[in-house]
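Colleague: I have a chain on my screen and would like to talk it through with you. Could you put it up on yours and take me from the overall fold down to single residues?

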Amino acid sequence: MRQRTRTVLAAALVLGLAAGPLALPAVAHLRLPAVADADALRAALTGLPDRDVTAALVRVGGDGAWHGAAGVRDLRTGAPVLEHGRFRAGSVTKVVTAAVVLQLAAEGRVDLDAPAGAYLPELLTPAFEKPLTVRQLLNFTSGLRPGGSLGDTVEEGYPHRFETLTPQEVVAASIARGPAHAPGERQEYGNIHYTVLGMLIEEVTGDTYEHQAATRVLRPLGMRHTSFPDGPDPRVRGPHNRGYDWLDGRLADVTEWNMSDRWAAGDMISTTADLERLITALFGGKVVPEPQLEEFFTVPDVPGAAVAAGGMAPYEVNGRKVWGKTGSRPGYQTVVAATRDLSRTLVYCVNSTDAKGDAMGNVRRFAFPAFNR
């Protein structure tokens, strides 16, 4: 009888997603009425799951605190959302990678203005006539072309989701194509810059990227529920909400996916509470010291530049200047954001059914209310 009930519920959920939102209860907690627009935040969570989002975890901090969750953990069983569930943080990983590089710079082990080839002498071919610097990798102005890929879209990548493409293969494919432009000429955001930085970290320290990230950032900040996959392991270890994406008109479960090709650019697994610790400590100068910390808030002066080190970007939201970073992997869309003075912080993970699509709809829905007051 229990199995039949689950089957009926799962079918109802899928039908409900096709037809419109379901009125499942949201879990919300509020302290200090002045924090953010609590009504708008609660409204954003109301009716989940719907066609666009199966679950959402939102955490607001700074002058007051608010956190809430809504949706389901698993469409098949209809199990309720896990408010403290783990998720793929995607390109938020770049913030950690940048922090490790900048710590090494503060220690005098890396010169940001030195050619990257000084640390990775076998990396660049004669086609790279003008040397690219470590800083240009950090701020996405290196001129490197995108690397190897198993698919540029969810649809293309899904059949290959259990295959392995190593970071070395990703970088080799980029180098073989030669530079897209001279270093420092323009900014082109992409994973390749941070894949190379992961290799640089390993070369300079003689250690793995994952261990350096853990010992330098995750453990000191008490990010106990943040980790990296064990190589090609496609699973999200620990309690988590499953991710879905619309493929060929149906919702496909995309939770299990080998992220080894994203590595130092995007394979971190975390929680909203852990990422709140990260953004608070980082902006507070407890992760990277001055003057290296300013790299996170310095957009390079080149045409079209919009982001700083780690992919941190400035936004004007309701009269506030906010610095934030988005991250997305199939089934998971993440945002970390804060005012420079930490009067308001925001972290969310949305189980988006189009996580690799336009993120602005979810930003308007789940992020803007956090900065309304």
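Modeller: The chain holds 11 helices and 12 strands, where helices (H or I, at least four residues) and strands (E, at least two) are DSSP runs, numbered from the N terminus. This is a predicted model, in which local features need pLDDT of at least 70 and side-chain atom pairs count only at pLDDT 80 or more, while totals for chains, interfaces and linings use all residues. Residues are numbered from 1 along each chain as its sequence is written, and side-chain values use heavy atoms, with hydrogens and water left out.

Colleague: What is the radius of gyration, and what would a compact globule have?

Modeller: The chain has 21 Å, which agrees with the value near 21 Å that a compact globule of 373 residues would have; the radius is taken over C-alpha atoms, and the globule rule is 2.2 Å times the number of residues to the power 0.38. Along its principal axes, the C-alpha trace spans about 65 × 45 × 35 Å.

Colleague: And how much of the chain is buried?

Modeller: Of the 373 residues, 57% count as buried, with buried meaning under 20% relative accessible area, exposed over 50%, and partly exposed in between (1.4 Å probe, protein chains only). The accessible surface comes to about 15,400 Å², and 53% of that belongs to carbon and sulfur atoms; these areas come from the Shrake-Rupley method with a 1.4 Å probe, and for residues only the protein chains shown count as cover.

Colleague: What share of the contacts is between residues 24 or more positions apart?

Modeller: Such pairs account for 70% of the contacts with a separation of 6 or more, a contact being heavy atoms within 4.5 Å.

Colleague: On to the core, then. Which residues have the most contacts inside the largest one?

Modeller: Those are Leu138, Val217, Leu275, Phe283 and Phe296, in a nonpolar core of 79 residues; a core here is a set of buried Ala, Val, Leu, Ile, Met, Phe, Trp, Tyr and Cys residues joined through side-chain atoms within 4.5 Å. Helix α3 (residues 93-106) gives the most to this core, namely 9 residues. There is also a second, separate core of 23 residues, which includes Ala44, Trp66, Ala70 and Phe366.

Colleague: Which residues does Val217 touch?

Modeller: Not counting residues up to four places away in sequence, Val217 touches Val96, Ala99, Val100, Gln103, Gln212, Met223, Leu278 and Val287.

Colleague: Which residues have a positive phi although they are not glycines?

Modeller: Asp248 has a phi of about 55° and sits in the loop between β6 (244-247) and β7 (250-253), whereas Trp263 has a phi of about 40° and lies in helix α9 (residues 263-266).

Colleague: Is each of them buried or exposed?

Modeller: Asp248 is exposed, because its relative accessible area is 81%, while Trp263 is buried, because its relative accessible area is 7%.

Colleague: Now Val154, please; what does it touch?

Modeller: Leaving out residues up to four places away in sequence, Val154 touches Asp245, Leu247, Trp257, Pro330 and Lys356. Val154 belongs to helix α5 (residues 154-157) and is buried, with a relative accessible area of 7%. Its C-alpha atom is separated by 27 Å from that of Thr46, a residue 108 residues apart from Val154 along the chain.

Colleague: And where is Ser260?

Modeller: Ser260 is in the loop between β7 and α9, and it counts as buried because its relative accessible area is 10%. Apart from neighbours within four places in sequence, Ser260 is in contact with Thr164, Leu165, Pro167, Gly231 and Pro232.
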